[in-house]
Amino acid sequence: MNTHVGEQGTGPEHREFQAETRQLLDLMVHSIYSNKDSFLRELVSNASDALDKLRLESYRDKDLDVDTSDLHIELEVDKTARTLTVRDNGIGMTRDEVVELIGTLAKSGTAEVRRKLKEAKDAAASEELIGQFGIGFYSTFMVADKVTLTTRRAGEDVATRWESTGEGTYTIETLEDAPAGTSVKLHLKPADTDDHLHDYTSESKLRQLVKHYSDFIAWPIRMDVEKTKPASEEGGEDETTVETETLNSMKALWAKSKDEVSEDEYKEFYKHVAHAWDDPLEIIPMKAEGTFEYQALLFIPSHAPFDLFMRERQSGVHLYVKRVFIMDDCDQLMPEYLRFVKGVVDAQDLSLNVSREILQQDRQIRAIRKRLTKKVLSTIKDMKSQRPDDYRTFWGEFGTAVKEGLLSDSDNRDTLLAISSFASTHSDEEQTSLAEYVERMKDGQEQIYYATGESRQLVESSPHMEAFEAKGLEVLLLTDPVDEMWVGSVPEFEGKTFQSISKGEVDLDSEEDKADADAHRSEKEKEYADLLTWMSESLQEEVKEVRLSSRLTTSAACLVGDAFSMSPTLERMYRASGQPVPKTKRILELNPDHPMVTALRTAQGERADDPRLAETAEILYDIALLAEGGHLEDPARFANLLGDRLADTV
């Protein structure tokens with residue numbers, strides 16, 4: 001929590017940064033990250049966003065008294081004082097918004113941020129951290145000893161000044177007079193080329209940085225520059241004048257054809273629009289004409305954002321109408337499972353006053369979304385076939401999110417199944433596609449076998465796997481939480497249905513072996529009929545039925561569900577989310593060839609009234625539950641029962 005002294009409005013308040021923010025600032029102040037130049041991109045990008053928002057606000061609120069005739073970004077240099085100021089006349093911020101901005105990292109914090117900060121010991125690690133947590137404003141402390149932010153929200157009378165040296169505290173105060181917009185003044189550190197710290201008061205350096213990082217920004221980026229005219233007469237003095245120059249071209253990249261834009265320009269635009277520090281894995285330019293006209297420039301990142309699976313996250317696609325910014329997180333343009341896609345969509349026929357509520361009902365937006373989704377999925381499909389290394393990177397970062405679409409997007413389900421990859425017993429290292437699985441299926445195999453669980457190790461060691469391993473049948477190993485959901489709702493792939501190895505009856509015998517297997521099974525069922533009836537009654541509170549198993553080869557017992565029952569993992573997921581789920585009774589299957597089971601059958605036949613036999617049946621059930629990674633309701637009782645049995649054998 002921030003702590004402070006002084007009262008708001010009576011002078012500067014002195015506050016302490018949150019612990020996570022202090023760690024981040026320390027990383028920035030002492031940064032060995034080589035690309036310190038990119039601080040300017042972050043500040044210019046923030047200023048551009050502020051100008052976008054002011055213009056949009058002026059369209060929507062006709063009573064807002066603001067001048068939007070000359071919206072721009074200004075760079076101001078003081079070589080003597082060694083300061084660089086980035087100023088805009090955009091929307092500005094209130095005092096509360098400034099405090100919230102400074103607390104951004106702490107808001108998103110949690111143990112994940114702290115863990116990453118502790119691990120960031122070198123340049124590569126700090127670059128990864130910066131890219132994941134989107135902490136652009138703090139990058140100013142890589143180049144500045146002190147940062148002063150002055151801002152006034154459009155339509156408000158008072159302004160706010162925030163200042164910090166990045167050493168754990170900051171001051172914040174209310175000002176009575178300041179221009180609308182925001183200025184960030186950097187008190188620059190001395191230049192140090194060995195530390196990749198350049199002279200950011202140099203006109204040529206600033207020109208180079210704006211051209212490299214921010215040439216496409218839609219607003220003019222201006223700077224006063226000195227011009228020298230040679231003396232008109234020999235022996236006279238040169239004449240020096242100051243002129244205001246616009247440093248950027250202001251051309252929208254999404255409006256250009258692909259051959260007009262360089263790879264570096266695309267990369268820098270991606271970093272601007274996504275507030276990212278990594279390079280994109282894929283660039284997707286689009287242009288649609290006809291009934292619905294729009295231009296789009298989309299990017300698939302190379303790293304997943306830290307908040308990919310957090311509820312409070314922003315969508316990645318910006319909506320423009322005729323190059324006028326509308327909103328920076330238009331969640332109607334991309335389905336939830338593609339929320340990691342970044343970029344811009346510029347629609348030609350929408351109203352500038354369009355709201356989120358209107359977007360949800362807008363026929364044109366739905367049509368654009370449909371086309372964008374198909375384009376992104378087809379791009380991923382091409383990546384999978386043509387650039388397998390990039391695809392592996394993509395799937396490792398975003399595969400879990402993409403699989404959510406198998407539940408929610410039935411229109412594109414076939415494509416989603418085609419681009420998905422899964423771990424399987426075929427390989428310890430490489431994942432497999434469903435098409436590759438089907439190619440390897442044995443003659444007569446009609447089902448795609450799968451197992452779900454919390455980890456590969458847990459699933460592979462499950463008793464349910466034994467018969468499949470013995471017969472050399474490949475099993476998909478599904479360990480993401482979303483796998484529990486989609487696999488029950490997808491009917492088939494290329495005519496092959498999905499079959500859980502832990503549900504229903506399993507018949508793995510070939511046609512030639514079937515007759516012998518049925519005869520053997522029938523004989524065993526007669527032998528074990530009394531035991532099965534007795535155990536079903538003894539364990540009636542826990543299980544639906546006790547029967548002999550055709551899926552066990554070495555374990556004594558396992559628990560299986562009905563063909564359409566909910567898996568234990570899915571039950572736990574629902575309960576963890578606060579949703580009550582009735583307990584599902586499952587089926588206990590016994591291995592008739594296991595010594596423990598045969599001994600229990602013999603003992604039950606000889607001394608059916610022995611109360612210790614019921615305890616043995618209970619131990620057998622608990623062992624089956626533990627073997628699949630389940631949780632015992634009474635671990636202490638299990639330990640006592642097992643301890644007593646072991647004592648009898650010593």
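**Notes on the cavities, cores and a pocket**

1. Let's start inside. The second largest cavity has a lining made up of Ser48, Asp52, Phe216, Ile217, Ala218, Trp254, Phe269, His272, Val273, Tyr320 and Val344. Please keep in mind that this is a predicted model. The volume of this second largest cavity is about 80 Å³. Helices H2 and H8 (263-274) each bring at least two residues to its lining, and H8 has the largest share, with three. Sorted by class, the lining of the second largest cavity holds eight nonpolar residues, two polar and one charged.

2. Now for the other cavity. The count of cavities of 30 Å³ or more comes to two, and the largest cavity contains about 290 Å³ of space. Its lining has 25 residues, and those nearest the centre are Thr452, His464, Ser502, Thr569 and Glu628. At least two lining residues come from each of strand E18 (447-452), helix H15 (456-460) and helix H20. H20 is the top contributor here, with three residues. The class make-up of the largest cavity's lining is seven nonpolar, 12 polar and six charged residues.

3. If you are looking at open sites, the second largest pocket may be of interest. About 590 Å³ of space lies in it. There are 26 lining residues, with Lys583, Tyr621, Leu625, His631 and Glu633 nearest the centre of this pocket. Helices H20 (568-576), H22 (611-627) and H23 (635-649) are the elements that each give two or more residues to the lining. The most come from H22, which supplies five. Of the residues lining the second largest pocket, nine are nonpolar, four are polar and 13 are charged.

4. Next, the nonpolar packing. In soluble globular proteins, nonpolar side chains tend to be buried together. In this model the largest nonpolar core has 136 residues, and Leu40, Phe340, Leu372 and Phe394 are the ones with the most contacts inside it. Helix H2 (residues 39-60) provides the largest share of this core, nine residues.

5. Setting aside residues up to four places away in sequence, Phe394 touches Leu281, Ile300, Phe340, Ile380, Met383, Gly399 and Val402. One of these partners, Phe340, is also listed among the core residues with the most contacts. Elsewhere there is a second, separate core of 27 residues, including Val546, Leu590, Val597 and Leu613.

6. Is Pro491 buried or exposed? Its relative accessible area is 55%, and the cut-off for exposed is over 50%, so Pro491 counts as exposed. Pro491 sits in the loop between helix H17 (481-486) and strand E20 (492-493). Beyond its neighbours within four places in sequence, Pro491 makes contact with Arg413, Thr497 and Phe498.

7. Finally, some totals for the whole chain. The secondary structure amounts to 23 helices and 24 strands. Of the 650 residues, 49% are buried. Taking contacts between residues at least 6 apart in sequence, 70% join residues at least 24 apart.

Methods. Residues are numbered from 1 along each chain as its sequence is written. Side-chain values use heavy atoms; hydrogens and water are left out. Helices (H or I, at least four residues) and strands (E, at least two) are DSSP runs, numbered from the N terminus. Buried means under 20% relative accessible area, exposed over 50%, partly exposed in between (1.4 Å probe, protein chains only). Contact means heavy atoms within 4.5 Å. On a 1 Å grid over the protein atoms alone, a cavity is a set of points where a 1.4 Å probe fits but cannot get out, and a pocket is an open set with protein on both sides within 12 Å along at least five of seven lines; lining residues have an atom within 4 Å of a point. Grid points are joined across faces, edges and corners, and a volume is the space filled by probe spheres set on the points. Ala, Val, Leu, Ile, Met, Phe, Trp, Tyr, Cys and Pro count as nonpolar, Asp, Glu, Lys and Arg as charged, and the others, Gly among them, as polar. A nonpolar core is a set of buried Ala, Val, Leu, Ile, Met, Phe, Trp, Tyr and Cys residues joined through side-chain atoms within 4.5 Å.
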